[in-house]
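Subject: A structure for you to explore

Hi there,

Here is the structure I promised to pass on to you. Please open it next to this email and follow along as you read.

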Amino acid sequence: RMRIDEEGRLLLGTTTEGAVAADDLTIATSAHTGLTIRSGTSSNGSLFFSDATSGASEYSGYVQYVHSDNSLKFGTNTSERMLIDSAGRLLLGTTTQGDVAADNLTIADSGHCGITIRSGSSNNGGIFFADGTGGNALYEGTIQYDHNNNELYFRTAALIALTLNSSQ
């Protein structure tokens, strides 16, 4: 059930180590498999990525569940970069959600800030506004860029309301 091999790798439920970049601990079963980190109701459960034995470099990267507010934090370069709060809102570069009418995803930066949607040179990139799960309800409103024709479309009620191209 448990084996420490000649390289010092801990193997649980297997005699075969994992991929070379992550083989120090391998857990295997023939069913659902996982790892549980259990901490107190007002404490944190953490996974730290470290390249030092003291200072901030002991947690250069991390994944941390905060039980006191039921949030999940992700950090890089010793700073929190992403937070999923208890309501399921995704916050990037901030710990404060946006306006209640549009707070599911909040992106913040102290400098330039934005979102890039990259699609193929003959494909479309878009933002779709849906009020259902089928038919026209999937794209009642859209902002869509057609790279093949270099046109930007705005749709309302699932119909193109405005098209912008290089001649306009």
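Is R3 buried, partly exposed or exposed? R3 counts as partly exposed, because its relative accessibility is 34%. Here buried means under 20% relative accessible area, exposed means over 50%, and partly exposed is in between, with a 1.4 Å probe and protein chains only.

Before going further, a word on the model: it is predicted, so local features need pLDDT of at least 70 and side-chain atom pairs count only at pLDDT 80 or more, while totals for chains, interfaces and linings use all residues. Residues are numbered from 1 along each chain as its sequence is written, and side-chain values use heavy atoms, with hydrogens and water left out.

**Salt bridges**

R3 has a partner: its side chain meets that of E6 in a salt bridge, at 3.9 Å from N to O. The term stands for a side-chain nitrogen of Lys or Arg within 4 Å of a carboxyl oxygen of Asp or Glu. Side chains of opposite charge can pair when their charged atoms come close. E6 is exposed, with a relative accessible area of 66%.

How many salt bridges does the structure hold? There are seven. Another of them joins R9 and D23, whose closest N and O atoms are 3.0 Å apart. R9 sits in the loop between β1 (2-4) and β2 (10-12), and D23 in the loop between β2 and β3, so this pair ties together parts that are 14 residues apart in sequence. Both R9 and D23 are buried. The strands named here are DSSP runs (E, at least two residues), numbered from the N terminus.

D103 and R89 also meet through their side chains in a salt bridge, at 3.1 Å from N to O. D103 belongs to the loop between β8 (90-92) and β9, and R89 to the loop between β7 (79-84) and β8, so here too the pair ties together parts that are 14 residues apart in sequence. D103 counts as buried because its relative accessibility is 10%. There is a network as well: salt bridges with shared partners join D5, R9, E17 and D23.

T26 lies in strand β3, which covers residues 25-27. With 11% relative accessibility, T26 counts as buried. A polar atom of the T26 side chain lies 2.8 Å from the backbone nitrogen of G18. Apart from its neighbours within four places in sequence, T26 is in contact (heavy atoms within 4.5 Å) with L10, L11, L12, T14, T16, E17 and G18.

T106 is found in strand β9, and it counts as buried at 12% relative accessibility. Its C-alpha atom is 9.0 Å from that of T95, a residue 11 places away along the chain. Leaving aside neighbours within four places in sequence, T106 is in contact with L90, L91, L92, T94, T96, Q97 and G98.

Where does T41 lie? T41 is in the loop between β3 and β4 (44-49). At 74% relative accessibility, T41 counts as exposed. T41 and H67 are 26 residues apart in sequence, yet 5.4 Å apart in space, C-alpha to C-alpha.

Strand β11 (residues 141-146) pairs with β12 in the antiparallel sense over five bridges; strands pair if DSSP finds at least two bridges between them. Y145 stands opposite L152 in β12. Four residues lie between the strands of this hairpin, where N150 takes a positive phi near 50°.

β12 also pairs with strand β13 (residues 159-164), in the antiparallel sense and over five bridges. Which residue in β13 is the bridge partner of R155? That partner is I160. The hairpin of β12 and β13 has two residues between the strands, and A157 in the turn has a positive phi of about 50°.

**A nonpolar patch**

Finally, look at the surface: L105, I107, I115, I117, I127, F129 and I143 form a nonpolar patch with about 610 Å² of accessible area together. Such patches are made of residues with over 30% relative accessible area and no salt bridge; like charges are joined within 9 Å, and nonpolar side chains (Val, Leu, Ile, Met, Phe, Trp, Tyr) within 5 Å. Accessible areas come from the Shrake-Rupley method with a 1.4 Å probe, and for residues only the protein chains shown count as cover. β9 (105-107) and β10 (124-129) each supply at least two residues of the patch. I107, in strand β9, counts as partly exposed at 31% relative accessibility.

Enjoy exploring!

Conventions. A polar contact is a pair of N or O atoms within 3.5 Å; within protein, one must be able to donate a hydrogen and the other to accept it, and residues adjacent in sequence count only if both atoms are side-chain atoms.
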